[in-house]
Amino acid sequence: MEEERRNLLPWKGKFTVSLKLPVVLLLVVFGLVPMVLCTVTVVESFRQGQIDSRMMEVQNQCQILSSKLTRTGYLKGENKDGLMDNEISTMADIYNGRIVVVNKDFRIVQDSFHLAEKRMLVAEEVIRCFQGETSSKYNREKRYFAQAFPIYNSAQDQGIDGVLVIIASAETVLSVVDTVADRALLVQLMVFLALLLIALMVITMLMRPFAKFQGKLNHVAEGALDTDISADWYKETRDISRAVERTLSTLKEVDQSRQEFVSNVSHELKTPITSIRVLADSLMGMEDVPAELYREFMEDISVEIDRESKIIDDLLTLVRMDKSKAELNITQVNINGFVKQILKRLRPIANRRKIELIFESIREVTADVDEMKLSLAISNLVENAIKYNQEEGWVRVTLDADHKFFYVKVADSGIGIPEEEQNRIFERFYRVDKARSRETGGSGLGLSITRSVVLMHKGVIKISSKTGEGSIFTLRIPLNYIA
Ligand code: ADP
């Protein structure tokens with residue numbers, strides 16, 4: 001889960017960024033990228049359109065010029081007045097380029113720059129032109145285009161006499177495109193700045209409820225736990241505030257139960273001490289006390305000391321259990337032998353009250369348990385069944401299992417537990433009959449220890465009881481412990 005969250009936010013744990021940053025970035029990116037793409041596409045197609053129309057125009061003019069050259073027999077040397085030479089130069093000037101006329105022998109007969117006359121021009125385009133193909137090429141880097149046109153023989157079907165080559169600059173048309181592109185860039189920059197500003201303003205406005213919510217939480221952190229932290233501005237803030245409210249109420253409950261526990265502990269520890277004090281004071285207040293009375297009082301004091309020490313022992317067991325929740329010492333145990341052993345240990349106590357202790361093993365059970373802790377849990381149940389029983393009553397412990405769980409049932413013929421108290425007997429220090437529990441030396445912690453152990457084993461404890469008829473405690477524990 002943690003790994004998944006790390007993948008979701010790769011920077012998590014390295015540094016903290018404000019939520020404003022990704023939101024502003026998203027707004028800017030989603031606003032800017034389509035705008036830039038759109039502008040680039042429009043400018044590029046405008047550029048291509050301009051070049052195409054210029055090339056088309058030059059092509060038309062050159063074709064007209066080529067026809068004229070044909071008609072006037074220019075390549076046959078029939079045109080001697082130089083009129084066509086002038087026309088060639090004018091056309092080259094108009095298109096800011098250079099026009100070259102090549103004859104059948106690939107020799108340049110006219111060059112508008114007058115630099116290459118009489119030289120040979122055996123270029124691929126010229127050769128192709130002699131084969132009847134006009135060619136047209138645009139050099140994007142150097143921003144010029146070159147076109148070649150055949151000059152036909154004036155006599156019908158007499159073939160091609162020469163080639164007219166024009167190399168013209170696309171600079172004039174491209175400079176218009178460049179100006180448009182520059183303007184578009186400026187507009188984009190302005191839109192970007194405006195977008196950034198708007199995004200910042202919008203996100204600041206959107207985040208305001210979070211800031212207010214944080215203020216409320218800071219108030220709570222300073223100790224004002226009753227501050228109203230409802231934040232119904234957005235669904236998100238409402239959900240967070242509800243979750244925090246739930247956490248706070250759990251914390252309050254924990255705090256309250258801790259306070260209750262501390263006051264219960266103090267009360268429980270004080271009770272035997274008060275009894276000891278009363279006994280000791282009354283002994284000291286008497287004169288010439290007979291030795292039997294001394295002994296009787298001292299026995300009472302000793303019972304109170306035992307109770308105090310039992311409460312402290314049980315408290316320590318509980319605390320240790322809370323601390324080492326994950327530390328179960330799981331081993332494979334034969335539960336039949338294990339329960340028999342517990343009952344053997346408790347039989348003398350049962351015998352003292354003439355209570356029959358019966359073990360009914362329905363099948364052999366082996367399970368993964370923490371022997372020490374589970375022994376404590378089952379002992380507590382059987383001890384209670386003996387303690388809260390009547391003279392000559394019975395306690396029946398039954399062990400059964402299915403393919404997943406084993407069941408330990410402790411039934412007694414005792415005083416039973418009223419229905420309305422059955423939910424509370426697992427609470428720390430809760431006793432149904434305080435006098436009786438004290439009389440039997442109970443600390444009020446036995447069942448809460450039992451329940452902790454059962455929960456640690458991922459088991460369940462259930463009770464069914466009727467006042468005056470007896471009680472049945474049932475444990476259901478998985479055969480295989482899965483951490
Ligand atoms: P205690 O040390 O008082 O026995 P426990 O936590 O073991 O404390 O039990 C809590 C209370 O539940 C007891 O005080 C008693 O009133 C009642 N109780 C527990 N087991 C039985 C039982 N088998 N029959 C009747 N009452 C019982």
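Start your tour by selecting helix 9, residues 371-387: its 17 residues reach 24 Å from the first C-alpha to the last, close to the 24 Å expected at 1.5 Å a residue. (Helices here are DSSP runs of H or I with at least four residues, strands are runs of E with at least two, and both are numbered from the N terminus; the expected span is 1.5 Å times one less than the number of residues.) Before you go on, keep in mind that this is a predicted model, where local features need pLDDT of at least 70 and side-chain atom pairs count only at pLDDT 80 or more, while totals for chains, interfaces and linings use all residues. Residues are numbered from 1 along each chain as its sequence is written, and side-chain values use heavy atoms, with hydrogens and water left out.

**Around helix 9**

Is helix 9 enclosed or open? Because 13 of its 17 residues are buried, helix 9 is largely enclosed by the rest of the structure. (Buried means under 20% relative accessible area, exposed over 50%, and partly exposed in between, using a 1.4 Å probe and protein chains only.) Now select D370, which caps the N-terminal end of helix 9 with a side-chain oxygen 3.2 Å from the backbone nitrogen of M372.

**The ligand**

Next, show the ligand. Of the 22 residues around the ligand, N384, Y388, S437, G444 and L447 come nearest. (A residue counts as near if one of its heavy atoms lies within 4 Å.) Then look for these polar contacts, meaning pairs of N or O atoms within 3.5 Å; within protein, one must be able to donate a hydrogen and the other to accept it, and residues adjacent in sequence count only if both atoms are side-chain atoms:

- D412: an N or O atom in its side chain is 3.0 Å from a nitrogen atom of the ligand.
- V432: a polar backbone atom is 3.0 Å from an oxygen atom of the ligand.
- S443: a polar backbone atom is 2.9 Å from an oxygen atom of the ligand.

Stay with D412 for a moment. You will find D412 in strand 10, residues 405-412, and it counts as buried because its relative accessibility is 7%. A polar atom of the D412 side chain also lies 2.8 Å from the backbone nitrogen of G414.

Follow the chain onward to F429, in the loop between strand 10 and helix 10. F429 has a positive phi of about 70 degrees although it is not a glycine, and at 6% relative accessibility it counts as buried.

For another positive phi, select K354, with a value near 55 degrees. K354 sits in the loop between helix 8 and strand 7 and is exposed, with a relative accessible area of 54%.

Now colour helix 2, whose 52 residues reach 76 Å from first C-alpha to last, close to the 76 Å expected. Just after helix 2, G73 takes a positive phi of about 60 degrees.

What lines the largest cavity? Its lining includes L69, T70, G73, I151 and D161. Helix 2 (20-71) and strand 4 (144-152) are the elements that give two or more residues to this lining. (On a 1 Å grid over the protein atoms alone, a cavity is a set of points where a 1.4 Å probe fits but cannot get out, and lining residues have an atom within 4 Å of a point.)

Note on methods
1 Å grid on protein atoms, 1.4 Å probe; cavity = no way out; pocket = protein on both sides within 12 Å on 5 of 7 lines; lining within 4 Å.
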